[in-house]
Amino acid sequence: MDKNLLENLSLQINKELYSAYLYFAMSIYFLEINMEGFAKVIKNQIKEELNHAKKIYNYLLSRDEEIILNDIKAPDTNWINPYDTIKSALEHEKTITNDIKHLYEMSKETKDYATEVFLQWFIEEQVEEESKFRCLLDKIEQTKNLGCEIIHIDRNLKLDEEYIE
Ligand code: OFO
């Protein structure tokens, strides 16, 4: 595999683990303000991120490539409210989408067709990731128009079976 592509795939494992770490921090934030529904969604997200990291790890192992692991940085946690927190999750997902696009371009340029096919799953996954947080953000925004409380959204999220902790 191209050296640069390999380094960036290894780095992507680190970014996915950082994502899990970021969502750990967000779940703590929501639990501290007693919003268990939002915490449940975020805890589910932690599992997804660990799975993303593992997918790349397994792929590189199957290609018999050397995986380089780096330090995981601590996330910034100075969110001022739930809206701000979910907004920063969406912004974070947009940066990951760009990372995946970059990896995909690299795999095309280096004619690494197996990696190109492998990354297609991630391209679709990022559409889902962004949509999930955009949808939550819309729900929070609607509380203003509908004159209801964010606590109602939290209660519904807690009951939503889509998110399993
Ligand atoms: Fe791994 O998709 Fe989110 O960060």
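This is a predicted model: local features need pLDDT of at least 70, side-chain atom pairs count only at pLDDT 80 or more; totals for chains, interfaces and linings use all residues.

Me: How many salt bridges does the structure hold?
Reply: It holds eight of them. A salt bridge here is a side-chain nitrogen of Lys or Arg within 4 Å of a carboxyl oxygen of Asp or Glu.

Me: OK, back to the bridges. Which residue does Lys132 meet in a salt bridge?
Reply: Glu129, at 3.1 Å from N to O. Both sit in helix H4 (residues 113–146), three residues apart, about one turn of the helix. Helices are DSSP runs (H or I, at least four residues), numbered from the N terminus.

Me: Is Glu129 buried or exposed?
Reply: Glu129 counts as buried, at 0% relative accessibility. The cut-offs are under 20% relative accessible area for buried, over 50% for exposed, and partly exposed in between (1.4 Å probe, protein chains only). Lys132 counts as buried too, at 12%.

Me: What about Arg134?
Reply: The Arg134 side chain meets that of Glu130 in a salt bridge of 2.9 Å, N to O. Again both are in helix H4, four residues apart, about one turn of the helix. Arg134 is partly exposed at 37% relative accessibility, whereas Glu130 is buried at 13%.

Me: And which residues are joined into one network?
Reply: Glu48, Glu129 and Lys132, through salt bridges that share partners.

Me: Switching topic: which residues make the nonpolar surface patch?
Reply: Tyr21, Phe24 and Ile72 make it, and the patch comes to about 280 Å². Patches are made of residues with over 30% relative accessible area and no salt bridge, with like charges joined within 9 Å and nonpolar side chains (Val, Leu, Ile, Met, Phe, Trp, Tyr) within 5 Å. The areas come from the Shrake-Rupley method with a 1.4 Å probe; for residues, only the protein chains shown count as cover.

Me: Where is Phe24?
Reply: Phe24 is in helix H1 (residues 3–32). Its relative accessible area is 42%, so Phe24 is partly exposed.

Key: Residues are numbered from 1 along each chain as its sequence is written. Side-chain values use heavy atoms; hydrogens and water are left out. Helices (H or I, at least four residues) and strands (E, at least two) are DSSP runs, numbered from the N terminus.
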